[in-house]
Amino acid sequence: MAVLPPLRLGVNVDHVATVRNARGGRYPDPLRAAQIAIAAGADGITAHLREDRRHIRDDDMARLKAETGKPLNFEMAATEEMVAIAIKTQPHAVCLVPERRQELTTEGGLDVVGQHNVLAPVIAKLVGAGIRVSLFIAAAPDQIEMAARLRSPVIEIHTGAWCDALAEGRLSAAEAEFARIREGARLAARLGLEVHAGHGLNYETAETIAALPEFVELNIGYFLVGEAIMGGLGEVVRTMRAAMDRGRARAGT
C-alpha cells in the first residue's frame, strides 16, 4: 500500500480577531495566533475578510501575508472589492465562499452552478494574477463538475452538515452526509481537482476525514480557538499568578 503524504493543516484565525474586536484595540492579535499555530505544526493560515469586517480586517490580511512565512489562504466573497484586495495582497490562495451579512458563519457551499457566469471572470482574474483559486462547495456532483468546468484547480468541501448531524446525534443523517463527502471527493479527484475540506471539524471528525486519501488539506478554526481558550487558560492563569507573586515579593524587600 502506498504511503500517503501528510495531510496539510490550515489554521483559521478569524475568531481570534472576533475576541479582539469585542473589546477594540489590538489584543489578542491574529498574527501572533498565526505564528503560534505555525510553530505548533500548521502548514498555512486561513483568514476570511468579510464585507462587514466583523473579525479579520484589511491590515490583518496584509500582516498575515507579510509576516507568517507560510501560505495564506484568503477566504472571500466574489466581489470587485475583494478581488482588488486579493490581487494587492497576493496570497498563496483565494477560497471563494458565499457570504450574507445576516449569517453567524458560512451556512453552506457556494452555488457554482447558479453563479457560474459571475464566478468565471472572477476566477480568471485571480488566476491571471498568479493566485490559486479554491471554491467552497457542497459535495454535490453538479457543483463539483461545474467547479472543474470553471477551471478552479481546488475545491474545499463543506463538512458542516456532517459535523452538525454527528453533534446532534442524528447518526443516519451523519452517515448519509459522510457518504456524500466521500463520493464527492472521489469524483473531484477523478476530474483532476485538488480536494480540501473544512467547517465544523473537531479532533474526531478531522481524524475520520484524514483517512480518505483524496483529501490533501483541512482548514480548521473555530474549534481550535475554542479549545485553545479551555486548554491554555490554566497555563496563562498560572503564569499571571507567578507574575503577581514576584511583584508582591519585591514589595517586601
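Predicted model: local features only at pLDDT ≥ 70, side-chain atom pairs only at ≥ 80, totals over all residues.
**Ground rules.** I number residues from 1 along each chain as its sequence is written, and I work with heavy atoms for side-chain values, leaving out hydrogens and water.

**Helix α2.** I took helices (H or I, at least four residues) and strands (E, at least two) as DSSP runs numbered from the N terminus. For burial I used relative accessible area with a 1.4 Å probe and protein chains only: buried is under 20%, exposed over 50%, and partly exposed in between. In α2, residues 30-39, I found Pro30, Leu31, Ala34, Ala37 and Ile38 buried. Seen down the helix axis, these residues fall within an arc of 120 degrees (taken from the directions from the axis to the C-beta atoms), so they line one face of α2. On the other side I noted Ile36 and Ala39 as exposed. Looking for what the buried residues pack against, with contact meaning heavy atoms within 4.5 Å, I listed β1 (8-12), α1 (14-23), β2 (44-48) and α3 (58-67). At the start of the helix, a side-chain oxygen of Asp29 comes to within 3.0 Å of the backbone nitrogen of Leu31, and just after the helix Gly41 has a positive phi of about 125 degrees.

**Arg53.** I located Arg53 in the loop between β2 and α3. I counted as polar contacts pairs of N or O atoms within 3.5 Å, where within protein one must be able to donate a hydrogen and the other to accept it, and residues adjacent in sequence count only if both atoms are side-chain atoms. The side chain of Arg53 makes such a contact with that of Asp58 at 2.7 Å and with that of Glu81 at 2.8 Å. Leaving aside residues up to four places away in sequence, Arg53 touches Asn21, Asp58, Glu81, Met82 and Ile85.

**Ala176.** I placed Ala176 in helix α8, residues 171-190, where Ala176 is partly exposed at a relative accessible area of 45%. From Ala176 to Tyr27 I read 149 residues in sequence and 42 Å in space, C-alpha to C-alpha.

**Largest pocket.** Which element gives the largest share of the lining of the largest pocket? I found that α10 does, with 8 residues.
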